[in-house]
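Please open the structure in your viewer and keep the sequence beside it, so that each selection can be followed in both places.

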Amino acid sequence: MSPAQPLTLITGASSGIGAALAREFAQRGHALVLTARREGELRALADAIAAEGRPRPQVIPSDLGTPAGVAGFAEALAARGLEPVFLVNNAGFGLLGDAASLDRARQLAMIDLNMRALTDLSLRVLEGVKRGRGGILNVASIGGFMPGPNMAVYHATKAYVLSFSEALHAELAPHGVRVCALCPGPVKTEFFQQAGDPDMHLPSLLLRSPDRVAREGYEGLMAGRRVVVPGTPNRAVTVAARLLPRGLMLAIASRFWK
Ligand SMILES: NC(=O)c1ccc[n+]([C@@H]2O[C@H](COP(=O)([O-])OP(=O)(O)OC[C@H]3O[C@@H](n4cnc5c(N)ncnc54)[C@H](OP(=O)(O)O)[C@@H]3O)[C@@H](O)[C@H]2O)c1
């Protein structure tokens, strides 16, 4: 790896937005380490990136859903002498349904992946990111701007990601390190299948493609932006969430996941 090809770690790269982010970073000249649980999908993506004449991404399959899984992954990185200069915390999932009915263990697992693993990885790579004057792109959601009845824990995890990322942005900007929260609206990926409704109706006005989300995320991070919300209608939703009384926003959000 040369300094001109900064090493970039991307989590949740086996599908959806993560795979699109991997293609985007590769096209922009980054050397990649890809992780997720499904090794076959990661290797197929690495092959496709290498076939375009880019450096072949390293693949380290891992379950980041437990503290031990994250620690084991960090050890595998260190054993290979890999020190990322950029980190993309994208792995995450949501669950549709009211909190009282959804499985408690699955909801806690969502917290472990969406919040704990993201924080653990960020803290583990920070020294290298600072040394290399790189950055961290955390995939949050427009859901992070408001409470989400029928997706309560998911929205709460994304509110954490947004808050953590904005604070890190302020802490690290003086060190020349970029931290950005990428907050997509709805994107057609395996997300809704995992969440429990593969046929979920997604308003076309808000819908954006994984490639577009990845491109805007990459460009926003590199431009030093704190928060990126792809698409004007989605940006309008986040502005409304900040301006409207919380009770009114809660009533509007209650209708969204029905
Ligand atoms: N799709 C949307 O509408 C939308 C909107 C806003 C934000 N987001 C956020 O975007 C991110 C990517 O989601 P997506 O839409 O691209 O969904 P997706 O296609 O389901 O991708 C989720 C990724 O996370 C990985 N992952 C899940 N559990 C994991 C675990 N325990 N350990 C390691 N990796 C794990 C999955 O890989 P494996 O299954 O191979 O482990 C997959 O690569 C998520 O953080 C999501 O919350 C999505």
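The tour goes from the ligand to its surroundings and then to a pair of charged side chains.

Before selecting anything, note that this is a predicted model, in which local features need pLDDT of at least 70 and side-chain atom pairs count only at pLDDT 80 or more, while totals for chains, interfaces and linings use all residues. Residues are numbered from 1 along each chain as its sequence is written, and side-chain values use heavy atoms, with hydrogens and water left out.

Next, show the side chain of Ser15, where an N or O atom is 2.8 Å from an oxygen atom of the ligand, and the side chain of Asp63, where an N or O atom is 2.8 Å from a nitrogen atom of the ligand. At Phe191, look instead at the backbone, which has an N or O atom 3.5 Å from a ligand oxygen atom.

Finally, select Asp211 and Arg23, whose side chains meet in a salt bridge at 3.1 Å, N to O (a side-chain nitrogen of Lys or Arg within 4 Å of a carboxyl oxygen of Asp or Glu). Because Asp211 lies in helix H7 (residues 210–222) and Arg23 in helix H1, the pair ties together parts that are 188 residues apart in sequence.

Conventions:
Polar contact = N/O pair within 3.5 Å; in protein donor to acceptor, adjacent residues only side chain to side chain. Helix = DSSP H or I, 4+ residues; strand = E, 2+ residues; numbered from the N terminus.
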